[in-house]
Amino acid sequence: MRFRTKLVVNLDKFASNLEKIKVIALQADPILMVKADGYGHGATALAQFAHHELGLNNFGLATLGEAIRLREDCPDAEFETYVFSDIQLKLKDHAETYLNNRLLPVLSNRADLKEVLTRPEYKHFPLCLKFNTGMNRLGFEVDEVGEIIDEVKKAGRRSIYHLMTHFACASLSMKTNPRNLLQQKNWQLVKNAFLSSGLDVERTSISNSGTIEQGYGVDETHIRPGLMLYGPSSLISSVKREGHYQGELISRLETYILSTFPVKRGTPVGYGAHPVSRDGLVVIIALGYGDGFSNYYRGGSLTQAGFRGEIIGRVNMDMTYLLFPIEAEKQLRAQMPFTVWGHDTADFERFCEEIETIPYEVFCHLTSRVPRFYEK
Ligand SMILES: *Cc1c(COP(=O)(O)O)cnc(C)c1O
């Protein structure tokens, strides 16, 4: 475990992001996507805060193990917990696991649906059905909708608890992107088939962050925000204009400076003895790939005390080298704190673009060696 390197999560900023989401989606109830340990921010702490202090009652996890863990961490809390993938209803004792933990499996294939409709243990399971409207990942096919409705009715069921789909290109325009338009059309087909089937459809949802940011799908009963809860936008820069959301990064990744020294162009630094490309100040921070700060981040730059430092050489397991302009010498010294990312969402998004990855991945990379702290 690290001592001075930590991820500080600000719960007020989390609450304020949720307020901003509410402004876009006035009617829809959010299912907070806290899978992958709350995108690295700590699912339990965020869910407890959202439930107890903000009155939110729906949480989404990807795996069965994550969902069980959240339930165990919040034994008395009365909220809904969806499991979106990794369902495995066929495994023997799983019905009990779902029932005892009051988990909602999202069904996306005929085999699982058949289990739920035919096995007595699953008799009281609410039906959550996810359709593949064009993403081609998980989901029932659009042309199966008639058969599925028949099957559900034959099993004596009268209602669908939650009908949903997921967009493949939510970071692109919902108005003009052909894949998004196709998915919207297919969703209408699926939804209309259910609505005219005589089955009661209690809940519907189609939107993740990029979709919500564009104000799309917010007229369904639920929305499923993930990334936007944590601050960053999911939209590519050219679509950001169509976005209605300006979130604040809820976390700060804090570390400190282990050492600094001036270098001349060509001086070899660290493993592999990579020569630096220009004169400057090498700053070594206490964060490496053992903390989830990947070697692929080389070339990206971090802002500190008004200066930009480029990640150079190899990222080590325990430390990273940055090359700052020599003028930063007075402001950046050994033992001083160093904020890898702060609450400035735009600066974090710039970093992610530089290293050609998505904020989702940078968050999820952080390992358990970095302790998470919560502040208000
Ligand atoms: C992860 C996930 C979301 C949230 O996606 P973001 O892009 O992070 O908002 C919503 N729905 C489903 C089904 C998901 O798997």
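The ligand sits in the largest pocket. A pocket is an open set of points on a 1 Å grid over the protein atoms alone, with protein on both sides within 12 Å along at least five of seven lines. To sit there, a molecule needs more than half of its atoms within 2 Å of the grid points. The model is predicted: local features need pLDDT of at least 70, side-chain atom pairs count only at pLDDT 80 or more, and totals for chains, interfaces and linings use all residues. Residues are numbered from 1 along each chain as its sequence is written, and side-chain values use heavy atoms, without hydrogens and water.

Around the ligand are 14 residues, and Lys35, Tyr39, Ser209, Leu227 and Tyr360 come nearest. A backbone N or O atom of glycine 226 lies 2.8 Å from a ligand oxygen atom. Asparagine 208 places a polar side-chain atom 3.1 Å from an oxygen atom of the ligand. Histidine 166 has a side-chain N or O atom 3.4 Å from a ligand nitrogen atom. On its own, the ligand has 390 Å² of accessible area (Shrake-Rupley method, 1.4 Å probe). The protein covers 93% of this area.

Arginine 203 is found in the loop between strand E11 (200-201) and strand E12 (204-205). Strands are DSSP runs of at least two residues, numbered from the N terminus. Arginine 203 and histidine 166 are 37 residues apart in sequence and 15 Å apart in space, C-alpha to C-alpha.

How values were computed. A residue is near a molecule or strand if one of its heavy atoms lies within 4 Å of it. A polar contact is a pair of N or O atoms within 3.5 Å; within protein, one must be able to donate a hydrogen and the other to accept it, and residues adjacent in sequence count only if both atoms are side-chain atoms. On a 1 Å grid over the protein atoms alone, a cavity is a set of points where a 1.4 Å probe fits but cannot get out, and a pocket is an open set with protein on both sides within 12 Å along at least five of seven lines; lining residues have an atom within 4 Å of a point. Helices (H or I, at least four residues) and strands (E, at least two) are DSSP runs, numbered from the N terminus.
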